[in-house]
Amino acid sequence: MIDAFNNFNGGEVIFHRPLKDLTTFKIGGTSEVFVEPYSLASAITAYKTAKKQAPVFILGAGSNILVSDNGYKGTVISVNRLDRINLINKNSVYFECGAKVSALLHFCVKENLTGLEFLAGIPATIGGLVAVGAGAFNENFCSYLTSVTVLRDGVVTDIEPDFSAVGYRQTFLKKDDFLLSGVVKLKPAGEYFIKNKIFSYINRRVAQPKGFSAGSIFKNPDGDYAGRLIEKAGFKGFTVGGAKISEKHANFIINYNSAKSRDIVSLISVAKTAVYEKFGVQLLEEIRFLGEFDDYYGGLPHSY
Ligand SMILES: Cc1cc2nc3c(=O)[nH]c(=O)nc-3n(C[C@H](O)[C@H](O)[C@H](O)COP(=O)(O)OP(=O)(O)OC[C@H]3O[C@@H](n4cnc5c(N)ncnc54)[C@H](O)[C@@H]3O)c2cc1C
């Protein structure tokens, strides 16, 4: 697998690269191969090269993943440098998948475009938003897309979003799609109007815990909140190793003291069991898992 990248010159290649500093949890082992392509064209080459050998994982800002302590036996492709954003007409913005939400919002303020302020405070890449169907305050980012370009089954394809597939943490992308770029359509507005909206959404996040986390661990079940159920089950503030179910918001797990991913998995397992036993509700993880977890508590059941 390593040999396949010996002659790759379209980006940085590192073998056995630690991944923890590339995630918001700050946890996890190494990736056998790590590639950071310099351009979309080299990202496509890297993906196709890697796919012939072993599993491939596309890494955005690492804000919705838990990496195994044992690392990943495959290739991680980081989209960090694929971060172009530009205007393609008065109201439409082109982005590459690795552009950050914060950069897109800055761009919107500069170009007087409104619509995406609800994303303020999400530490993600735009590709990551689309991949997981991210949203906030009853809005989903995918609803603003007019087109995306994906690498699907080895072919670069332009597709229009299927809005009927978009919902709460649901995307129209297929499982192995590599989202390369896309276009969002927004509306004109004044700079102060947009800035005020951004500030008001950031203020609405004051209840969000600080510290190393991956945001909400579980999806909210229909008509309820995962955090409320975990709190009512008595597990707010519960700790395992260096990880804690937040005292501020029980759907957040915080790495407060050099936690291992097995500590996080243990808390996930405790919270799921407690909520199921007390309320008969099966919580499903919102975060994604990278690497092997089989030796942790008999492996992770359910949603991935
Ligand atoms: C403090 C905090 C607050 C948060 N608030 C919210 C919130 O309000 N709403 C919300 O929905 N989420 C929230 N999150 C979770 C997270 O930010 C989102 O899920 C985000 O969309 C993940 O994007 P990412 O770039 O970090 O993706 P990563 O975590 O790097 O990856 C997540 C998944 O997307 C895939 N992926 C990433 N990029 C691509 C691509 N270009 N093509 C194909 N697949 C790709 C990865 O392979 C992985 O499966 C929060 C997280 C934190 C830490």
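Helices (H or I, at least four residues) and strands (E, at least two) are DSSP runs, numbered from the N terminus. The structure is a predicted model, in which local features need pLDDT of at least 70 and side-chain atom pairs count only at pLDDT 80 or more, while totals for chains, interfaces and linings use all residues. Residue numbers start from 1 along each chain as its sequence is written.

**View 1. An open sheet of five strands.** The strand order is S6-S7-S13-S11-S12, with antiparallel pairing; strands pair if DSSP finds at least two bridges between them. S6 (85–89) and S12 (155–159) are the edge strands, each with a single partner, so one side of each has no neighbour in the sheet. On average, neighbouring strands are turned by 20 degrees against each other, direction ignored. Axes here are lines fitted to C-alpha atoms, for helices over the stretch in contact, and angles run from 0 to 180 degrees between N-to-C directions.

**View 2. Strands S11 and S13.** S11 (residues 145–152) and S13 (residues 178–185) run antiparallel and are joined by six bridges. Val150 has Leu179 in S13 as its bridge partner. Helix H1 (residues 40–51) packs on the sheet and touches S7 (92–96), S11, S12 and S13; contact requires C-beta atoms, placed from the backbone, within 7 Å. The direction of H1 makes about 145 degrees with that of S13.

**View 3. Helix H2 against helix H4.** H2 (residues 101–110) and H4 (residues 191–203) pack at about 150 degrees, their axes 8 Å apart. The two helices are therefore roughly antiparallel, a label for angles over 145 degrees. Leu105, Cys108 and Val109 of H2 meet Glu191, Ile194, Lys195 and Ile198 of H4.

Conventions: Two residues are in contact if their C-beta atoms, placed from the backbone, lie within 7 Å. Angles under 35 degrees count as roughly parallel, over 145 as roughly antiparallel, 65 to 115 as roughly perpendicular and the rest as oblique.
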